[in-house]
Amino acid sequence: MTDQAVTVYYKPGCPFSAKLRAQLALARLPHRSVRFADDPDGAAAVRAHHPEGWEVSPTVVVDGRYLTNPSLREVREAVRA
């Protein structure tokens with residue numbers, strides 16, 4: 001793995017983001033978890049990348065690439081790319 005910045009935007013209580021963040025931690029893939037409410041600029045960027053302006057949880061950003069509800073494999077592939 002490289003030292004790519006991985007940011008996971010999530011909503012509290014979302015089971016999909018909880019699962020992904022746990023998988024990232026178990027895989028020892030460095031990442032930063034950010035609640036949408038804690039980063040208005042990041043949340044706006046996520047909304048800009050989704051239809052209808054949704055805040056889809058989780059949305060992962062790797063080097064400017066937005067992944068909607070990705071699997072651990074998809075995140076790893078994005079980090080390697």
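Throughout these legends, buried means under 20% relative accessible area, exposed over 50%, and partly exposed in between, using a 1.4 Å probe and protein chains only. The model shown is predicted, with local features needing pLDDT of at least 70, side-chain atom pairs counting only at pLDDT 80 or more, and totals for chains, interfaces and linings using all residues. Residues are numbered from 1 along each chain as its sequence is written, and side-chain values use heavy atoms, with hydrogens and water left out.

View A. Helices (H or I, at least four residues) and strands (E, at least two) are DSSP runs, numbered from the N terminus. In H3, which spans residues 72–80, the buried residues include Leu 72, Val 75, Ala 78 and Val 79. These residues lie on the same side of H3 because they cover an arc of only 125° around the axis, the arc being that of the directions from the helix axis to the C-beta atoms. As a reminder, an α-helix has 3.6 residues a turn, so residues three or four places apart point the same way. Among the elements covering the buried residues of H3 are strand E1 (6–10), helix H1 (15–26), strand E3 (59–62) and strand E4 (65–68); contact here means heavy atoms within 4.5 Å.

View B. Four strands form an open sheet in the order E2-E1-E3-E4, with mixed pairing; two strands pair if DSSP finds at least two bridges between them. Strand E2 (32–35) and E4 are the edge strands, each pairing on one side only. From one strand to the next, the twist averages 25°. H1 packs on this sheet, touching E1, E2 and E3, and its direction makes about 155° with that of E1. Axes are lines fitted to C-alpha atoms, for helices over the stretch in contact, and angles run from 0 to 180 degrees between N-to-C directions. Helix H2 (residues 40–48) lies across E1, E3 and E4, running at about 85° to E1.

**View C. E1 beside E3.** These two strands pair in the antiparallel sense over four bridges. Look for Val 8, which stands opposite Val 60 in E3.

**View D. A charge over a ring.** Here the charged end of Arg 21 sits over the ring of Tyr 10, 3.8 Å from its centre. The criterion asks for NZ of Lys or CZ of Arg within 6 Å of the ring centre and within 35 degrees of the ring normal.
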